[in-house]
Amino acid sequence: MANPGTSQHEWRVTGMDCGACAGKVRGAVERLPGVEGVDVALMAERLRLTLDESRTSTDRVENAVRAIGFGISAKGAAPEKPKGGFVLPDGAFPAAPEDDAPTAPPAADAPPPAWHATSKGRLLLGTGALLAAAWAVHLVFSEQVAQWAFVLATLLGLFPVARRAVAMARAGMPFTIEMLMTLAAGGALFIGAAEEAALVVFLFAVGEMLEGLASNKARDGIRALARLVPKTALLETSGRTREVPADSLRIGQVVLVRPGDRVPADGEVIEGISGVDESPVTGESVPSLKEPGAEVFAGSINAEAALRVRVTKRAEDNTIARIVRLVEEAESARAPTERFIDRFSRVYMPAVVGAALLVAIVPPLAFGQAWGEWTYRALALLLIGCPCALVISVPAAIASALSAGARNGLLMKGGAVIEAAARVTDVAFDKTGTLTHGRPRVTDVVPFAGSDVLGLAAGVEAGASHPLGKAILARADSDGVAVPAATSARAIPGKGAEAVIEGAVVTVGSPRLAEEGGVLSDEIRTQSEALEAQGKTVVIVWRGATPLGLIALRDEPRIDAADAVRQLREMGIAPIMLTGDNARAAAAIAGGLGIDYRAGLLPADKVTEVRMLGRGAQVMVVGDGINDAPALAVADVGVAMGSGTDVALETAHAAILRNRVCDVPGKIRLARATMANIRQNVAIALGLKGVFLVTTILGITGLWIAILADTGATVLVTLNALRLLGFKPGREGHAKVTRSVETSAVAAKQA
C-alpha cells in the first residue's frame, strides 16, 4: 500500500540508447530516499516513479539523472539534451554553433536532431579529428613526437568518457562500459600502446553513435503513430467552419473532413458518404465505406467525399492515443526472458572484470610471463565485459514487434504477452462478434395472441450494447414499430434482459431463461427448436408469467473465419468455439467453419471451460463482449476484437483492431517470430563475446577488435531486431521475416 504522502511522477529521459543506459538511469534514482516503483522505458524514453517529496524533491531526482549524462524533462515539456556525458572539454573541439546561440525550445514531439548535432555525434567528430591529426603528426614528425600526439588525442577523447564513468561510480555503479573504457584506454597508455588507445576511443565513439542511430530507428515506429492525428481540425460553429487545434475538440462538436484530409478525432458520421482509408490505424488496406451512423477513427484518411463528423472521444482517448499509450505502457510489462537476462547481466560484467584481473596477474606471477603482454590482454578483456548487446537483445525485439503489430492492427500489452502468445497451443473463440460479424438480423417474429412482441422487446433492449439487442432495435425502427418507454432496465448476463413497461416486468431472454421462469411450454419449445435447427438464435418475450412471442435472429460467420481456423490447425494449434448460444445454432456455425464447440455457456461456464483447457496447455481466448471479459482475464492470453466493448479491451492482454479472424494466427506468428528473433539476438551477443573472450586471452585479438566486439554486437543485435518492423500478419509476411530464424518443424511447414 502506497504511503499517503507519496505521489507518482513522470519524466522524459533523452540519451538512452541501450538497455544498459536504462539500467544506469534506474540505478541513479532508485537509491534516493523516498523513491519507489522505478520504471524506466527505453524506447518510450520514460522515467516513472513514486516519490515521497518530504524526503527527496523532484529537482534532486532530475539532478541525479543529469549527473550521469542524460537529459531529463517533465512529461509534456520540451525534451532536454543530454548533459555532462559525451561532451568534449571546452576548446578541445569546436561545438556546434547552435549550442551557444539562444534558440526557442523544441516541441515535445519534435523529431530527434541530426546525428552530428548530438553530443555523441560531436564526440565522434572530435575523436576522429584528433586521431587524424595524430596520424598526420606521425607521418611528418619523429616517432617520439607522434607518440605524444596519440597520447594527447587519447586523453582529450577519453575525458568525457572518464567524467561520466566517475559520475556513475559516485552513483553506486562502478561496473559500466565507460569505466571499462577508461581503464582499458588508460592502461594502454601506461604500457605504451598510445596509438591503439586513441583508435579504441574513436571506435568507441563510432559504436555509441551507431547505437544511438539504431535506437532512434526503433523509436520511429512509435513516433509515426503519434504523428498520424492531424494538428488542426475544421470545426463547425454557427453554420461556419474555422480551423482549431485538434486536441482542443470536445465531445459533441461537429467537424468537417474534406476529401484527402485526415480525420482529426474519433467520431460518428452524421452527414456524407465516402470511402475512408483506415490503414494508418488498423492496417486494413481496403477503404471502408462510411455513411451516417458509422464510426471513424482519428488518423484515418477521407478518400472521396466530404464528411461531417460528430466528435465522440477526447483527443487523449481516441484510438491512436490509446494505441500509442498501449505500446508505450507495454514496455513496462517485461518478458520473463528479459528479466532473466537482466539478472544475468548484473553478474556477467563483474565476472569478466574479475577474469581480466586474473589474466593480468596470474601468468606473470605463476609462470613468469611478461607483465606488459598479459596486462594488454587483460585490458582487451575488459572491453568485452560490457553486456550492452545482451541487455538490449530482448527490449529491442519487443519494441520492434509492438511497433510492427500496432501498424498492422495487432496490439499486445508487453513482452510478457508476446512470450505467452508464442507458446499458445489452444485458441478458444467466442461466437457472436468474433467468429461471426456480430451484426445479427431479425429473421422471424412470432407473436402469441396478437401481442406487440417486437415493440415490447425493443422497449426492453433500448440502449442495449449486445448485438442481439441492437438487431431487435434496428428491426423495430425499420418496421416503424412504436417503442414504449421502459424503466428499471437491467441485463441478465448470458441469458437476456428485463425492464418495467407500463407497470409490468417484461423479459427478453433465451429459452433456458424462459424455462427457469416457468413460461416455456411444449409448443414454444417445439417452435424454438425448429428455428434453431436452421442455425438461428431464438429469444422469447414474456410479461409476468405470460409468453408474448418469440423472435429469431441469425448472424453469419466472418468471411475469413474458416481460413483462420484452418491456419491455426496448420500451425499445430487446436481451435474451439465457446458460446452462450443454443447447441443447434452453435452446431450450424461450427460445422461450416470446421471447429469444435461448446454451447449454452454462461460467462462463469466459459471461465470453467478455459481453466479446463488450460490444464497442460497454453490457452488464448478471443472475444468481444462484456460476457467474454471474465474468460479473457483468466486466459493465458486474452485477445479482444477491436469492435468489442471497452470492458473487453481493458480486460484483454491484446487486441485486434481490424476485426479479422485471420489476424489471430497472424498475432501468434508475430509472437513466434519475435521470440525467434530474441533467441538469435542472444546467440549473437553471447557468441561474439565468447569468441573474442577466448581469442583475447590467447593473444589473437587486441584492444580495437575487443571494442568492436562490444559495440559491433550491440549494433548487430539492434539491426536484427529492426527486421521485425517489416512483419506482415499474413502467412507470406511470416515466411519473409522468419525464414532464416524459425527452425522448428511447425515454422518450416509454414515457410
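**View 1. Overall composition of the protein chain.** The protein chain contains 27 helices and 26 strands (DSSP runs numbered from the N terminus: helices are H or I of at least four residues, strands are E of at least two). Of its 751 residues, 53% are buried (under 20% relative accessible area with a 1.4 Å probe, protein chains only; exposed is over 50%, and partly exposed lies in between). Among contacts (heavy atoms within 4.5 Å) between residues at least 6 apart in sequence, 68% join residues at least 24 apart. The chain exposes about 31,500 Å², of which carbon and sulfur atoms supply 58%; accessible areas come from the Shrake-Rupley method with a 1.4 Å probe, and for residues only the protein chains shown count as cover.

**View 2. Burial of strand 3.** Strand 3 spans residues 46–52, and seven of the seven are buried, so the strand is largely enclosed by the rest of the structure. On one side lie R46, R48, T50 and D52, and on the other L47, L49 and L51; both faces are covered.

**View 3. Pairing of strand 1 with strand 3.** Strand 1 (residues 6–14) runs antiparallel to strand 3, joined by seven bridges; two strands pair if DSSP finds at least two bridges between them. Q8 has T50 of strand 3 as its bridge partner.

**View 4. Pairing of strand 2 with strand 3.** Five bridges pair strand 2 (residues 35–41) with strand 3 in the antiparallel sense. The bridge partner of E36 in strand 3 is T50.

Residues are numbered from 1 along each chain as its sequence is written, and side-chain values use heavy atoms, with hydrogens and water left out. In this predicted model, local features need pLDDT of at least 70 and side-chain atom pairs count only at pLDDT 80 or more, whereas totals for chains, interfaces and linings use all residues.
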